[in-house]
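Work through the exercises below with the structure open beside you. Each task is followed by a solution in steps.

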Amino acid sequence: MQVWIGRNGERFGPYPDDEIRQWLRDGTCRPEELGWYEGMTDWRPLGELFPEDRPATPPPGATPPPPPPREQPFMGITENTVAPEYAGFWLRFGAWVIDYILITIPSTFIAMAMGFQHAITTFFAQMETNQSAAMTAYLDEVRPIAYVVLLIGFVYYVLFESSKWQATPGKLAVGIRVTDTAGQRLTPGRAAGRNLIRLANAVPFLSILPLVFYITAAFSERKQGIHDMLAGTYVLTGRADSATAPTPRSGPSRPTGSFDA
């Protein structure tokens, strides 16, 4: 029988029941710590699961040692669970193209309403007489337009990636989503931090940075862009409404109850 141990909100195991019995006898595990094995409907204290294995009395003030060291689960995943599938560069690039088009359509109308067409016309008219003055006047006129367009894109990504869909329309179209390192929905704050790098487009000599930040997704271990690494996020395949938490490959039902390791 394989038994899971719950300690300090984390799940360890599974371990053979013989090992659990020995740890109870020598004080490595405490009777009040929680345990679960396949077929149970709830976590129960180890002392109730193995009442005949009484722990040795530890010295006064002694702290029981933790379970034998094993690699900590990543996103709650152990060797017996199904690992997440990270979205590759081309899926993410396809999503970016779709989102770029969707953002460009309203941004174009807003830019025109703010006088972008007038700025272009004036620029070419002044270029014939004073190129330097024409460029300065053009930049002064389009700068507020650029800020508004950047804000539209920023809000677009933050709202969609922190929504229940965990994805922009482009990501939904290609079947990917954004999560934190625990596989959960992003908070608005984390989504905002992740997307601040997009504002680098506002500075001409930094315009190459967004490309660099995405290229790392092509070869990093978990296919993260630099902005993912800094914000602690992943881009996974599958939509949020159809994604399920990682479950053991052997198929045991997840125990119910208040303990959630």
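This is a predicted model: local features need pLDDT of at least 70, side-chain atom pairs count only at pLDDT 80 or more; totals for chains, interfaces and linings use all residues.

**Exercise 1.** Find the buried residues of α1 and decide how they are arranged around the helix.

Solution. Step one: the buried residues in α1 are D17, I20, W23 and L24. Step two: look down the axis of α1; the buried residues fall within an arc of 120°, so they line one face of the helix. Step three: look for what covers these residues; the cover includes β1, β2 and α2.

**Exercise 2.** Describe the largest nonpolar core and the surroundings of F50.

Solution. Step one: the largest nonpolar core holds 15 residues, and I20, L46 and F50 have the most contacts inside it. Step two: two or more residues each come from β1 (2-7), β2 (10-16), α1 (17-26) and α2 (46-49). Step three: leaving aside residues up to four places away in sequence, F50 touches M1, V3, D17, I20, R21 and L24. Step four: a second, separate core has nine residues, including V158, V178, L186 and V235.

**Exercise 3.** How are α5 and α7 oriented to each other, and which residues make the contact?

Solution. Step one: the axes of α5 (residues 131-161) and α7 (residues 188-195) come within 9 Å and cross at roughly 140°. Step two: an angle over 145 degrees would count as roughly antiparallel; α5 and α7 are therefore oblique to each other. Step three: their crossing is right-handed. Step four: α5 contributes F154, Y157, V158 and E161 to the contact, and α7 contributes P188, A191, A192, R194 and N195.

Conventions
Residues are numbered from 1 along each chain as its sequence is written. Side-chain values use heavy atoms; hydrogens and water are left out. A nonpolar core is a set of buried Ala, Val, Leu, Ile, Met, Phe, Trp, Tyr and Cys residues joined through side-chain atoms within 4.5 Å. Buried means under 20% relative accessible area, exposed over 50%, partly exposed in between (1.4 Å probe, protein chains only). Helices (H or I, at least four residues) and strands (E, at least two) are DSSP runs, numbered from the N terminus. Contact means heavy atoms within 4.5 Å. The arc is that of the directions from the helix axis to the C-beta atoms. Axes are lines fitted to C-alpha atoms, for helices over the stretch in contact, and angles run from 0 to 180 degrees between N-to-C directions. Angles under 35 degrees count as roughly parallel, over 145 as roughly antiparallel, 65 to 115 as roughly perpendicular and the rest as oblique. A crossing is left-handed if the near helix is turned anticlockwise from the far one by less than a right angle, and right-handed if clockwise.
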